[in-house]
Amino acid sequence: MSDHRSVPALVLADAFDWGATPFGAVAGWPSALRTAAGMVLQSRQPMCVMWGAGLRLLFNDGYRTLLGARAHGGVMGRPVRAAWPELADLAAPILDDALRGHATGAVEDHPFIVERNGYPEQIYVTFFTSPIHDDAGMIAGLVVTCVETTARVASRRERDDAMERLRLLDEIGEATRVASEPRAIMEEATRLLGEHLGVTRVAYADLEPDNDRFTIRHDWRVPGAISTAGVYSLDLFGSRATSNLRIGRTLVINDVDVELAPGDGDGMFNSIGIKAIICCPLVKGGHLVAMMAVHQVHPRRWTAEELALVEAVVERCWAHIERVRSTEALREADRHKSEFLAVLAHELRNPLAPIRNGLELLRLSGGSRETVARVGGMMDRQLSHMTHLIDDLLDIARVSSGKIVLHRELTELQRIVAVAIEATQPALDAAGHQLAVHLPDTPLPVDADPVRISQVIGNLLTNAAKYTPRNGRICITAHAEEGMAVVSVADNGIGIAPESLDAVFDMFTQVARHVERSNGGLGIGLSLVRRLVALHGGTATAASAGPGQGSTFTIRLPLAEASPVAAVDAPPAPDAAAGRRLRILIADDNVDAAHSLADLLALEGHEIRVAADGAAALELAAGFQPEVVFLDIGMPGMDGYETARRLRAMPGMQAIRLAALTGWGAAEDRARGRAAGFDHHLLKPAVPAEVRAVLAVA
């Protein structure tokens, strides 16, 4: 800082150029003016003296910094209005009040432009004024102290902006908290953000499952601006922008024409008249899930605060939307489950009615041979249908919980298809359908569980039979394609609406749509198809031209490298142990089930004992010494597992055949049975052939 204390007094006088005034020499200055001038020149704080009618300036080096380039224009000693007109006009009322002897005045945080380091710069300054008296005691000038408040103003603005952002986010949260639809959330969030930023358009987009296309569900826009709602490819943003968006880096463009190279995204923005944009991506779990874009029709330098605000809004908007979607999905799932339970009750009752009627017919007919044969066949069909329903339920539960075990083997797909056709042919014939089969002569080897894949293909054929009007046409084809074995089942039935093609594989979904044409079944067969195929590393898809246009279901399974050598044909059921009389013990707390099985086996010449629980079974076994024991697993008190272990420990019982008779058939249930000593595991209701197979090896 220059030491003005060494400057000759006459130099100061000449600088003020008082002319003929009584104060033409410093010595003649009023003492108050001399004191003020000395204080100003010695201070490091920006200060000045304004003296006389024109308020001429005397200032120190600190004040010179505020003046910037003006300080070099010979303003020392000039009236303040000539040196700094914009400041003088603003401060004139305060200066006039100070000259009239009123309280000390101040101009707070006044913005103005100074030139520093060759560049214009906006700063903020607060001015304080104090009067200077002449020798007569009259106010003749002012001392002005200046404090630059640029940093304080910036801090206050940053704090105010932060509060405003929080207020906006709270407003968005409150506006969307009670929303029950995703669109309502999009509408409120985009509107509030657009009005706050004063932009042309704000758009919200969801990413499609392919993580390449995005769908703008809704955009808020000023009057006259076009809507951008629709489906687009990320490639439209250009290579640089797209790579950033995929990893969650916000795209910020202040001027499209300057910052984007021709052909690298500028075309999309120019086509909708946009020159500045913020596009904020949202990445969750490593995947791009949503975006929010802010558009401006003219170039605009976006601030860091605006960028942070858009990022916060898209995060909150997505969270609210996902909450609503999850809630709606839960409601929809609950509705489908309720419908499923209603259909389940209906389908399980259906076989009961003819079975009950058949029993009454047997009673009234007196047991005639013709009636027994006809009614017996009907009851067997209805029981098989009910068993199939229950098996489907158990299978879907096992697949869903990951408890199903695949027994893979190398086999030919043609053999599996043949087994599935044989199993479903009665249903096709009953509906009068024509089945066309087109299988290649070249083997299609697959490493698969033949029983499960046969079940998959059988479900597709059964599904086609149900939803094709009588005397319809069904075609099954198979071929190899790009390392996959492809099987398709096509029909000319009722078809599927395009929007429902994927939903038909969902649990419970198809029940509501086809309840009027259910023809038996729970609507879980296709869900089981997709899940079983997925366990084999394959896919299941549906295609249809629409309602009334038929459907095609296609499964793809990986081809195996070698040709199979084993057949899929199911082994024939072993014949009964004809002529051999066995001692058989049956233990089941279901009295009717136990005695009906006992009666059946007694008719075949076996000696039978029946117990209602595990303890009674052990007591009977001690004296009866059975060769075969059928044990219910879920008996009260002592269950079947414990009963089996105790039977094996009894003297002379080590060689008996133990068969579990239960409704639990998961892999862990079978493993637990083997650990307890069971030789066989039969699912209720056990068919006579399975019972005879146990006896045949006893």
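Select Arg583 to begin: at 32% relative accessibility it counts as partly exposed (buried means under 20% relative accessible area, exposed over 50%, and partly exposed in between, with a 1.4 Å probe and protein chains only). You are looking at a predicted model, where local features need pLDDT of at least 70, side-chain atom pairs count only at pLDDT 80 or more, and totals for chains, interfaces and linings use all residues. Residues are numbered from 1 along each chain as its sequence is written, and side-chain values use heavy atoms, with hydrogens and water left out.

**Stop 1: around Arg583**

The side chains of Arg583 and Glu627 meet in a salt bridge, 3.8 Å from N to O (a side-chain nitrogen of Lys or Arg within 4 Å of a carboxyl oxygen of Asp or Glu). Arg583 lies in strand β19 (residues 583-587) and Glu627 in the loop between α18 and β21, so the pair ties together parts that are 44 residues apart in sequence. Helices (H or I, at least four residues) and strands (E, at least two) are DSSP runs, numbered from the N terminus. Glu627 is partly exposed too, with a relative accessible area of 21%.

Stay in that loop, between α18 (614-624) and β21 (628-632), and pick Gln625. Check its backbone: Gln625 has a positive phi of about 50° although it is not a glycine. Its relative accessible area is 30%, so Gln625 is partly exposed.

**Stop 2**

Next, show Glu481 together with Arg556. These two form a salt bridge, with the closest N and O atoms 3.9 Å apart. Arg556 belongs to strand β18 (residues 551-558) and Glu481 to strand β15, so the pair ties together parts that are 75 residues apart in sequence. Arg556 is partly exposed at 27% relative accessibility, and Glu481 is partly exposed at 35%.

**Stop 3: a buried pair and a network**

Is Arg201 buried or exposed? Arg201 is buried, with a relative accessible area of 1%. Its side chain meets that of Asp219 in a salt bridge of 3.9 Å, N to O. Arg201 lies in strand β6 and Asp219 in strand β7, so this pair ties together parts that are 18 residues apart in sequence. Asp219 counts as buried as well, at 3% relative accessibility.

Then select Asp206, Arg217, Glu322 and Arg325, which are linked in a network of salt bridges. A search of the whole structure finds 23 salt bridges.

**Stop 4: the second largest pocket**

For the last stop, show Phe214, Ile216, Phe237, Met268 and His295: of the 17 residues lining the second largest pocket, these lie nearest its centre. On a 1 Å grid over the protein atoms alone, a pocket is an open set of points where a 1.4 Å probe fits, with protein on both sides within 12 Å along at least five of seven lines; lining residues have an atom within 4 Å of a point. The volume is about 200 Å³, meaning the space filled by probe spheres set on the points, which are joined across faces, edges and corners.

β11 gives the most, with four. By class, the lining has 14 nonpolar, three polar and no charged residues (Ala, Val, Leu, Ile, Met, Phe, Trp, Tyr, Cys and Pro count as nonpolar, Asp, Glu, Lys and Arg as charged, and the others, Gly among them, as polar).
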